[in-house]
Amino acid sequence: MYDGVVADLIDELGRLPGIGPKSAQRIAFYLLQSDPADVRRLAEVLVTVKDKVRFCAICGHVTDEETCRICRDPRRDSTALCVVEESKDVIAVEKTGEYRGRYHVLGGAISPIDGIGPDDLRIRELLQRLTDGEVTEIIVATDPNLEGEATATYLARLLAPMGLTVTRLASGLPVGGDLEYADEVTLGRAFAGRRRLDA
Amino acid sequence: MPSYRDEAIVLRTQRLGEADRIVTLLTRGRGRVRAVAKGVRRTGSRFGARLEPFGHVDLQLHEGRSLDTVTQAESLQSYGAELSGDYPRWTSGTAMLEAAERLTPVEREPSVQQYLLLVGGLRTLVSRTHDPSLILDAFLLRSLAIAGWSPSFWDCGLCTAPGPHRAFSITGGGALCTDCRPPGCATTAPETLALLGALLSGDWVLADASDPRHRREASGLAAALVTWHLERGLRSLPLVERG
């Protein structure tokens, strides 16, 4: 057993997601053997990120200013709004380079079994954003799992009467996968969303 | 460590590490089992959507010390895809999954009746033959009965004097006669008690014809019974969208 600050460091590292006791011990000893300047820089970044990073007042994406880079950008299409669960989903969609609209981060998905209902998500803020009538299309890009689908159903039911076009990201076979390994639900979705091939 | 094969309903999933999930299953032969599904969150996973909640699956599992490992999964029926497109039914179904998990507190203790009740409940839920709120309440009352906490809605819950009785006590086991009712005991509409009895026994003709006012009262009593016996309410029950 380790004493004092070494034990504290291992305990703290072990609280991080995906880090078990062995990994925590390995990281702790890596830090002990590292250059002090490197460790100080890591510590400063950790403190700075916690002090400075906040959520965008408009869309809920992580930012170090009042509003995020995407909400400040006047070149973005303000008629399209992509609704995602988490900030990391914004990054995933941005990486595609296919979408030039704006985002709204819900902060999760409806999950009754975990006690998370619609009131625990940023749905009220989403409705407030739609009051000026600028947005004409809502792209629901929640995760393609049951909770994400149910959240999409809930949003569609809420938004459709407002006269908006509500769309959902297509789902189906993964590019590079084998058809024989596709499960029934995924293959069924792929059939439902099949498209015409133009010669 | 041996391998085994069993049918199961996926009750819940939790993220584990980079791409894995812990799936909580209600199996036909071994009761509630928790197992690791490796790589299931990757888009190219061979499990795909088979191990999502509401999935009725035929599984091959490898027995582990604390958690088993899913090695193969074949879908028997997927109720989730249909339920997620109907918000009231999905929330009712989620409460059924949570109730099934909570009413099988001991892992690996066979509970065939709970398993069959859940499969039947989910089938009824997707068949759209009855109101989802009624199906949920029927499921809760029958799950309690299987767990040994069958309430009485006709005879007195204490002295078994034949009913109907108007007094209802959660702690007293259901309907109570005038001699057994404690001071301040709540009274319930006879139609509500008849509805609760119908839901417990499967009299759907009576249940489907019931008045919305009595359905609301019955739902409240069913939820109170579950909360009393489980000592802690179901988290999903307040989020169920009832008609």
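# Exercises on a two-chain model

In this predicted model, 32 residues of chain B are in contact with 25 residues of chain A.

## Exercise 1: the size of the interface

Task: state how much area is buried between chain B and chain A, and which residues of chain B lose the most area.

Solution. 
- Step 1. The size of an interface is often given as the accessible area lost when the parts come together.
- Step 2. Between chain B and chain A, about 2200 Å² is buried, and carbon and sulfur atoms give 60% of this area.
- Step 3. On the side of chain B, the residues that lose the most area to chain A are B:Tyr87, B:Trp90 and B:Leu239; together they account for 27% of what that side buries.

## Exercise 2: polar links and the make-up of one side

Task: count the salt bridges and polar contacts across the interface, then describe the side of chain B that touches chain A.

Solution. 
- Step 1. The rule finds four salt bridges across the interface of chain B and chain A.
- Step 2. It also finds eight residue pairs in polar contact across this interface, both residues being at pLDDT 80 or more.
- Step 3. In chain B, the elements β1 (3-16), β5 (68-78), α1 (80-83) and α2 (87-102) each supply at least two residues of the side that touches chain A.
- Step 4. Helix α2(B) gives the most to that side, with seven residues.
- Step 5. Sorted by type, the residues of this side of chain B are ten nonpolar, ten polar and twelve charged.

## Exercise 3: a salt bridge between the chains

Task: explain why the pair A:Glu184 and B:Arg50 joins two chains, and say whether each residue is buried or partly exposed.

Solution. 
- Step 1. A:Glu184 forms a salt bridge with B:Arg50, with the closest N and O atoms 3.5 Å apart.
- Step 2. A:Glu184 lies in helix α8 (residues 184-192) of chain A, and B:Arg50 lies in the loop between β3 (31-37) and β4 (55-62) of chain B, so the pair joins two chains.
- Step 3. Buried means under 20% relative accessible area. B:Arg50 has 9%, so B:Arg50 is buried.
- Step 4. A:Glu184 has 39% relative accessibility, so A:Glu184 counts as partly exposed.

## Exercise 4: the nonpolar cores

Task: describe the largest nonpolar core and the contacts of B:Leu118.

Solution. 
- Step 1. In soluble globular proteins, nonpolar side chains tend to be buried together.
- Step 2. The largest nonpolar core has 64 residues, of which A:Ile138, B:Ile9 and B:Leu118 touch the most other members.
- Step 3. Helix α4 (residues 132-146) of chain B contributes the largest share of this core, eight residues.
- Step 4. Leaving out residues up to four places away in sequence, B:Leu118 touches B:Ile9, B:Leu11, B:Leu26, B:Met96, B:Leu97, B:Ala100 and B:Phe139.
- Step 5. Another core, of 16 residues, lies apart from the largest one; B:Ala8, B:Val40, B:Phe47 and B:Ala73 are among its members.

Notes:
Residues are numbered from 1 along each chain as its sequence is written. Chains are lettered from A and ligands numbered from 1 in the order in which they are written. This is a predicted model: local features need pLDDT of at least 70, side-chain atom pairs count only at pLDDT 80 or more; totals for chains, interfaces and linings use all residues. Side-chain values use heavy atoms; hydrogens and water are left out. Contact means heavy atoms within 4.5 Å. Buried area is the accessible area (1.4 Å probe) that two parts lose on being put together, summed over both. A salt bridge is a side-chain nitrogen of Lys or Arg within 4 Å of a carboxyl oxygen of Asp or Glu. A polar contact is a pair of N or O atoms within 3.5 Å; within protein, one must be able to donate a hydrogen and the other to accept it, and residues adjacent in sequence count only if both atoms are side-chain atoms. Helices (H or I, at least four residues) and strands (E, at least two) are DSSP runs, numbered from the N terminus. Ala, Val, Leu, Ile, Met, Phe, Trp, Tyr, Cys and Pro count as nonpolar, Asp, Glu, Lys and Arg as charged, and the others, Gly among them, as polar. A nonpolar core is a set of buried Ala, Val, Leu, Ile, Met, Phe, Trp, Tyr and Cys residues joined through side-chain atoms within 4.5 Å. Buried means under 20% relative accessible area, exposed over 50%, partly exposed in between (1.4 Å probe, protein chains only).
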